[in-house]
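Please look over the structure below before reading the notes.

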Amino acid sequence: GDILDDYLRTDGVWLLTRNKQFYKTNNEKECAEKCEAERNFTCRAFLFTRKKLQCLTLAENAKMTVMFTSTDALLYEKRIYLLECKRGIGMDYRGTQAKTQKGIPCQKWAEKIPHKPNYTPEKYPSAGLEENYCRNPDDDDKGPWCYTTDPARRFDYCNISECEDQCMQCNGEDYHGEVSRTESGLECQHWDVQEPHMHGFTKRHYPEKDLKMNYCRNPDGELRPWCFTTSPKKRWEYCNIPRCSTHPPVSGLGSQCLSGKGEDYRGRIAITESGNACQQWDTQFPHKHGWIPDRYPCKGLEENYCRNPDGEKKPWCYTTNSNVRWEYCTIPPCDRTEQGIAVPFLLFTADVPVRVPLTEECYRGKGQSYRGTISVTVSGKKCQAWNSMVPHRHIKTPDKFPDADLRDNYCRNPDGDSSPWCFTTDPNTIWEYCNLKRCDDHTQE
């Protein structure tokens, strides 16, 4: 891969550091090569100035010294020295943990008291044996360790957490890692800038989605994390995030009854509140849909059980009745169940609003009742959030159209147009119809 893939880039900053070396280079890659070849000290980062084409290799990174603004500078920090977690058995762990799992301070690798070490910085110069930090110079299966400062205990292992943030669970909605390149190798655009692509995915509009730096994220329910790219020719692309080897924790308490909206419900009720049997999630008959179990491995889409994969007000399912696409299910509330109060298994409520669920991949009529989560236009552009005024100012806001369900950046039809549409995140295209088909179009995928 690209040599810069191993570095975290921050624009417009400078590090106050004494231990550094100056070089004349033409670009960032050449500067990275100087950092890799540095023998005067352990190079943890480098600074590159675009105007002077100056390269500074640094012994410190932002974790170790003061950082301040410098417009023309680019800071590249080696990712390996920023991680405080281990991958696998931690052979490449370069964090600053310096205590054993029992809390005993580590002995410095270069010292000989209280224990004379077999592993020293001189014998193993590439093992990162700095200070008294936990390391794994001998490929120990139990992970990083250190000699201890306790004369009665020569060495012990360190309690270093796994780097689960570097992989994704489910569809990556909770991914908080630092991958910042797309699957084709393009560098990601920072979320807080509007070039080369203007968009509405900002911290202000999505404060809970961890949209920091230019890290890949999944703020809108896509199949996996993505980002806008720094290439003017490619607006956005998925990122290649590996799936975690460990399974996500399964919700236990409350999963057999209704708690909140029932998103963690994993019971076996498979009949709707009006008595219709539920359709199997892995089938497309009688209703075609996009909630395919293989695509959404953590939503509990087993058999034909009632589920709430999309944040509806309670669990629901597609029905086996070709005339009724979907309906809510009646799930016993957890608090009432605990109190021993009987809950009727079937309950018909006439005041339940008739509307299409968030799972709809098609629309009926003009689509004014469409409540799905599609947020891509016919030409593939991402939709602008309805409560955002960037890149397009408009009056179709949630407060002015309270009944139109203008949530997030989902396709909607608040004004009676011919089909669902949205404002786009492309500054050159104000709006477009969405990539949706009518529900009675049997050629739909």
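**An arginine in a salt bridge**

With a relative accessible area of 27%, Arg224 is partly exposed. The model is a predicted one.

**Salt bridges**

- The side chain of Arg224 meets that of Glu183 in a salt bridge, at 2.6 Å from N to O. Arg224 and Glu183 both lie in the loop between β7 (155-157) and β8 (226-228), so the pair ties together parts that are 41 residues apart in sequence.
- Glu183 has 43% relative accessibility and therefore counts as partly exposed.
- Lys314 forms a salt bridge with Glu273, and their closest N and O atoms are 3.3 Å apart. Both residues are in the loop between β9 (236-238) and β10 (316-318), so this pair ties together parts that are 41 residues apart in sequence.
- Glu273 has a relative accessibility of 8%, so Glu273 counts as buried.
- Another salt bridge joins the side chains of Glu36 and Lys78, with 3.8 Å from N to O. This pair links distant parts of the chain, since Glu36 is in helix α1 (residues 28-37) and Lys78 is in strand β5, 42 residues apart.
- Glu36 counts as partly exposed at 37% relative accessibility, whereas Lys78 is buried, with a relative accessible area of 12%.
- A network of salt bridges links Arg371, Asp405, Arg407 and Arg412.
- The count of salt bridges comes to 18.

**Disulfides**

- The structure holds twelve disulfides.
- One of them is formed by Cys134 and Cys158, with sulfur atoms 2.1 Å apart. This pair links distant parts of the chain: Cys134 is in the loop between β5 and β6 (145-147), Cys158 is in the loop between β7 and β8, and they are 24 residues apart.
- The link of Cys134 and Cys158 is left-handed, with -85 degrees about the S-S bond. Cys134 counts as buried at 0% relative accessibility, and Cys158 counts as buried at 7%.
- Cys188 and Cys227 form a disulfide in which the sulfur atoms are 2.0 Å apart. The torsion about their S-S bond is about -75 degrees, so this disulfide is left-handed.
- Cys188 is buried at 1% relative accessibility, and Cys227 is buried at 0%.
- Cys216 and Cys239 form a disulfide with sulfur atoms 2.0 Å apart. Their link is left-handed, with -85 degrees about the S-S bond.
- Cys216 lies in the loop between β7 and β8 and Cys239 in the loop between β9 and β10, so the pair ties together parts that are 23 residues apart in sequence. Both Cys216 and Cys239 are buried.

**Strand β4 and its partners**

- Strand β2 (residues 20-24) pairs with β4 in the antiparallel sense over five bridges. Tyr23 stands opposite Cys55 in β4.
- Strand β3 (residues 45-49) and β4 also run antiparallel, joined by five bridges. Phe46 has Thr57 in β4 as its bridge partner.
- The hairpin of β3 and β4 has four residues between the strands, and Leu53 there takes a positive phi near 55 degrees.
- Four of the five residues of β4 are buried, so β4 is largely enclosed by the rest of the structure.

**A nonpolar surface patch**

- Leu16, Val66 and Phe68 form a nonpolar patch on the surface, and together they have about 280 Å² of accessible area.
- Val66 is placed in the loop between β4 (54-58) and β5 (67-78). Val66 counts as partly exposed at 49% relative accessibility.

Definitions and conventions: Residues numbered from 1 in each chain as written. Predicted model: local features only at pLDDT ≥ 70, side-chain atom pairs only at ≥ 80, totals over all residues. Heavy atoms only, no water. Patch = residues over 30% accessible without salt bridge, like charges linked within 9 Å, V, L, I, M, F, W, Y side chains within 5 Å. Areas by Shrake-Rupley, 256 points an atom, 1.4 Å probe, with all protein chains shown as cover. Salt bridge = Lys/Arg side-chain N within 4 Å of Asp/Glu carboxyl O. Helix = DSSP H or I, 4+ residues; strand = E, 2+ residues; numbered from the N terminus. Buried < 20%, exposed > 50% of the residue type's maximum accessible area, 1.4 Å probe, protein only. Pairing = 2+ DSSP bridges. Disulfide = S-S within 2.5 Å.
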